[in-house]
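Please keep the sequence and the 3D view at hand while reading.

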Amino acid sequence: MATQGKVSPGIKHYVDAASRALKKQAEYIRSLRKCRFDTIAVHGLYSMEEAIDFNQGSIIEPVYLSTSQAYRDADEMEAGLGYLIPTWCYSRIANPSIYYYEGVVALMEGYGFKGDVSCCATASGMAALRSATDPFLDDKLSPGKPKNFVSTCQIYGGTFQQFSVRKPEHGAECRFVVDSNDLDAWESKIDKNTRFLYGEAPSNPSQSFFDIAKVAELAHRHGIPFIFDNTVATPALLRPLEHGVDIVVQSTTKSLITSGFAIGGAVIARKGIRAKYATDDMRRDFGSYIKLLPNRDNGPNFSPMSAILAINDMRTLRMRMDHVSQSTLKISEFLAGHPRVEKVDYLGLKENPLHRIAKRYLFLVDSEFDAAYGKPVNRYGHLMSFRVKGGARAARQAFDALQRIYRATDLGRIKSVATIPAISTHSQQGEAARKMADIPPSLIRLCVGAEHPDDIIADLDQSLSKVGGRVSRQVPMEFSFGGASSPIVRK
Ligand SMILES: *Cc1c(COP(=O)(O)O)cnc(C)c1O
């Protein structure tokens with residue numbers, strides 16, 4: 001909300017009412033923050049009072065599909081559009097259903113973190129990345145000077161593309177760090193024109209990991225923020241704000257919206273970030289800043305229907321991440337002992353060179369309060385990858401033979417999905433960049449769903465047994481898109 005200068009009595013009437021409502025909201029949030037993670041994920045910002053007094057007693061958050069809000073009079077409209085009162089005026093700017101989504105995502109990412117956190121919903125993870133980074137690359141912040149940022153090179157393929165192709169279109173240089181555990185490598189790329197540091201861990205697909213707190217310290221020593229993609233771990237296993245990260249981005253499309261019913265993203269930021277290239281508004285409350293200003297003008301906004309689908313899936317995040325992490329560990333152990341597998345990349349495996357560092361960061365939230373555990377337990381998530389002996393051809397044979405695990409460029413789903421990153425998610429970046437990030441064509445990325453792990457193991461076992469055999473083609477089928485279809489016969 002903007003600070004009010006001199007306002008008319010009519011507007012003041014609304015501003016006073018809003019400040020009473022905000023006080024109540026702050027009290028509710030304070031009481032909720034005392035609850036455990038599951039309670040927060042299940043209830044979020046939607047209180048019983050709100051349900052009974054304002055929403056027909058509906059126990060589930062309502063979907064407000066309306067594009068816009070009607071105002072009582074001109075004073076309320078002026079106060080609303082001037083950001084003097086909380087309002088949702090127009091759904092590109094704000095919307096009640098999206099408010100519930102932003103609220104619960106902020107609470108989950110901010111769980112255990114002492115400071116205040118705000119969140120801005122976006123239409124996708126890519127939109128979240130762009131919304132989180134572009135404000136720091138604004139030319140106005142140092143006119144006529146070059147600008148750069150430093151990022152790990154083990155990142156999602158779309159992120160690599162945005163950083164190495166789109167950012168330079170606007171004059172920003174991305175400097176990649178190959179070994180993210182080498183602090184000197186980070187530091188050697190930082191200069192006086194560096195605007196922020198960027199990292200992703202565990203990375204997609206290669207399961208890289210690094211000492212997050214150390215890189216955050218380094219960023220702060222240089223007076224710049226550290227932005228971090230927490231999509232793979234989710235807040236059920238890692239809350240980067242606790243480790244010094246300033247801004248978290250999420251592709252909520254993945255494990256948060258596990259049903260696969262929507263594409264979505266979020267930017268979650270601590271209030272009061274250290275950033276020498278920023279405006280005061282950005283430093284004070286970055287999440288609200290991008291929501292109310294750049295994203296209002298650029299329009300990368302989320303849909304209210306998607307917000308409700310997301311909220312529904314996120315309620316069970318902790319228990320799902322526990323279950324799928326345990327299944328993934330079992331499946332990785334199976335693959336690690338399989339004669340046709342060259343190497344398994346999973347941070348949960350003791351022989352993984354990054355296991356020790358990941359073990360310091362990746363814990364199932366609240367496991368110390370869980371009756372079954374009673375102490376902190378490590379969980380490493382459901383993304384893993386493995387390399388098939390025999391190179392690209394063998395990997396494609398095993399991949400083509402999968403019968404239960406879907407071949408799809410996706411992850412985080414309630415159903416297991418697999419992809420070959422070199423020909424899909426990471427195809428655009430080219431072979432040299434894939435080499436740098438260690439993504440060979442024999443590598444299959446598997447994201448384990450909530451099926452029983454024995455059935456996934458059985459599918460992997462039968463598909464690996466097809467490697468080296470005669471190539472069997474699929475049956476003739478119809479290929480259709482829209483209403484049109486054409487028969488395809490594969491020979
Ligand atoms: C998928 C993904 C993104 C991009 O998110 P979209 O919702 O697909 O735009 C960013 N980072 C990671 C780690 C991802 O897996």
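## Ligand site

The model is predicted. Around the ligand stand Ser 124, Gly 125, Met 126, Tyr 156, Glu 200, Asn 204, Asp 229, Thr 231, Ser 251, Thr 253, Lys 254 and Gly 264. By class, this shell holds two nonpolar, seven polar and three charged residues.

| Residue | Ligand atom | Distance |
|---|---|---|
| Asp 229 | nitrogen | 2.6 Å |
| Ser 251 | oxygen | 2.9 Å |
| Thr 253 | oxygen | 2.6 Å |

Of the 380 Å² that the ligand exposes when taken alone, the protein buries 93%.

## Helix 5

Helix 5 runs over residues 96-109 and has 14 residues. From its first C-alpha to its last the helix reaches 20 Å, close to the 20 Å expected at 1.5 Å a residue. At the start of helix 5, a side-chain oxygen of Asn 95 comes within 2.8 Å of the backbone nitrogen of Ser 97.

Why is helix 5 described as largely enclosed by the rest of the structure? The reason is that 13 of its 14 residues are buried, where buried means under 20% relative accessible area.

## Cis peptide bonds

The loop between strand 4 (194-200) and helix 9 (212-221) contains Pro 202, and Pro 205 lies in the loop between strand 4 and helix 9 as well. A cis peptide bond joins Ala 201 to Pro 202, with omega about -10°. Another cis peptide bond links Asn 204 and Pro 205, with omega about 5°. Asn 204 is also one of the residues that surround the ligand.

## Positive phi angles

Gln 56 is not a glycine, yet its phi is positive, at about 55°. Gln 56 sits in the loop between helix 3 (48-54) and helix 4 (74-81).

Asp 366, which is not a glycine either, has a positive phi of about 65°. Its place is in the loop between helix 15 (355-359) and strand 9 (383-388).

Is Gln 56 buried or exposed? Gln 56 counts as exposed because its relative accessibility is 83%, and the cut-off for exposed is over 50%. Asp 366, in contrast, is buried, with a relative accessible area of 8%.

Definitions and conventions. Residues are numbered from 1 along each chain as its sequence is written. This is a predicted model: local features need pLDDT of at least 70, side-chain atom pairs count only at pLDDT 80 or more; totals for chains, interfaces and linings use all residues. Side-chain values use heavy atoms; hydrogens and water are left out. A residue is near a molecule or strand if one of its heavy atoms lies within 4 Å of it. A polar contact is a pair of N or O atoms within 3.5 Å; within protein, one must be able to donate a hydrogen and the other to accept it, and residues adjacent in sequence count only if both atoms are side-chain atoms. Accessible areas come from the Shrake-Rupley method with a 1.4 Å probe; for residues, only the protein chains shown count as cover. Ala, Val, Leu, Ile, Met, Phe, Trp, Tyr, Cys and Pro count as nonpolar, Asp, Glu, Lys and Arg as charged, and the others, Gly among them, as polar. Helices (H or I, at least four residues) and strands (E, at least two) are DSSP runs, numbered from the N terminus. The expected span of a helix is 1.5 Å times one less than its number of residues. Buried means under 20% relative accessible area, exposed over 50%, partly exposed in between (1.4 Å probe, protein chains only).
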